Amino acid sequence: PDTTVDETAEYTATISWSPADSPFKGNKVYTATITITPKTGYTLTGVPANFFTVAGATTSNAANSGVVTAVFPETAAATYTVTFNVDGGSAVAPVSVAAGSTIAEPAAPTKTGYTFAGWYKEPTLVNTWNFASDVVTADITLYAKWTETPAPSGGGGGGGGGSSTPSAPVTEIKSGESVPKSNLEQLISENKPLTVEADNGVKLVFEPDALEGISSQASGDIKVEVKDVSPAYREELPDKLVFSLTVSSGGGAVSNFGGKVTVSLPYELKAGETADRVTVWHLADDGTMTEIPCTYDPVTKLASFTVTHFSLYVVGVDDEEPWVNPFADVNESDWFYGAVAFANRNGLFTGTGADTFSPGSPMT
């Protein structure tokens, strides 16, 4: 549950919840009391009764009062999935469980040359999962710990020098999870990407060059998080989705990577909208929006694009008229068609002639 509202020059605001569950539970009605406190030199005046609205809730407030009561409908019965990261061991099937319940310990996986040493709550293998008392309150991943099995001592011919193969690095995590810096360094050395997944098909794929840029700025574990913050922009962008993409380490944000990250964000076409009009924009702090070349798959309902830094990104349908292709040497089937459309529409390139773009020519 959120407990504060972003501070402005005029006021601060806090939220208290009843019942005070964290996280929320299924089959419950929750009431949020939002208290808006004016800063010095400001007052709340001229506010009619029942003036405020909160998305998804029934709200009320007294006249000239900054105390808003928002009653949300009963939550759905929650069921969560527990997945098991076996780190190169034999597969363990995921399990579904009701919120707030414990889970039965699965059969231990196996791994050649290693002994299974238990399930842990994070990739860094610090806190063990207690199957008798720990309850599931969200979709989680448990991580297998392995200890190397000592080589047999004594005779026998030909044995080697006792070398061992390091365990494979973690290549997939969920949004909100963290990986140690050493894991990034291993991915970089093995030239492997890191994939981060979230709800509704959201996927981020960090190429090794991006991981190298992040690692050079990291001071500890690296956390990647994707949040749908559309409700906060409902008035300015009523028909669009807004996502916050962040990478952090040691309490500080890592914004620029110097390498490529492929981002896939969900968008469902509304009546009258067409796939060719789906657009992605970068939303700057001052509210300006810059279009980013993207592709939209109407089957998966995902808009995909490539960036080298994280911030706020908007997905929706472009309100402008469709781009009219003036170039005889650029066809809709060309892999670069969308990039040419973006460059021409935004005035970056006007072409080499009245109806030519010369996409295959060298460029100074």
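Buried means under 20% relative accessible area, exposed over 50%, and partly exposed in between (1.4 Å probe, protein chains only). The model is predicted, so local features need pLDDT of at least 70 and side-chain atom pairs count only at pLDDT 80 or more, while totals for chains, interfaces and linings use all residues. Residues are numbered from 1 along each chain as its sequence is written, and side-chain values use heavy atoms, with hydrogens and water left out.

**Exercise 1.** Decide whether S215 is buried or exposed, and list what S215 touches.

*Solution.* 
- Step 1: S215 sits in helix α2. Helices (H or I, at least four residues) and strands (E, at least two) are DSSP runs, numbered from the N terminus.
- Step 2: Apply the cut-off. S215 has 8% relative accessibility, so S215 counts as buried.
- Step 3: List the contacts (heavy atoms within 4.5 Å). Leaving out residues up to four places away in sequence, S215 touches K181, L184, E185 and I188.

**Exercise 2.** Find the buried residues of α2 and the elements they pack against.

*Solution.* 
- Step 1: P208, A210, L211, G213, I214 and S215 are buried.
- Step 2: Recall helix geometry. An α-helix has 3.6 residues a turn, so residues three or four places apart point the same way.
- Step 3: Name the packing partners. They are α1 (181–189), β12 (194–197), β13 (203–206), β14 (222–228), β15 (241–249) and β17 (256–266).

**Exercise 3.** Describe the largest nonpolar core and the contacts of F257.

*Solution.* 
- Step 1: A nonpolar core is a set of buried Ala, Val, Leu, Ile, Met, Phe, Trp, Tyr and Cys residues joined through side-chain atoms within 4.5 Å.
- Step 2: Size the core. The largest has 37 residues, and L204, F206, V247, F257, V263 and F310 have the most contacts inside it. The largest share of this core, four residues, comes from β17.
- Step 3: Follow F257. Not counting residues up to four places away in sequence, F257 touches F206, D209, A210, G213, I214, V247, T308, H309 and F310.
- Step 4: Look elsewhere. Another core, of 16 residues, lies apart from the largest one; F84, V97, F116 and A144 are among its members.

**Exercise 4.** Work out how β18 and β19 are joined.

*Solution.* 
- Step 1: Check pairing. Two strands pair if DSSP finds at least two bridges between them. Four bridges join β18 to β19, and the strands run antiparallel.
- Step 2: Pick one bridge. L283 has M289, in β19, as its bridge partner.
- Step 3: Inspect the turn. The two strands form a hairpin with five residues between them, and G287 in the turn has a positive phi of about 90°.
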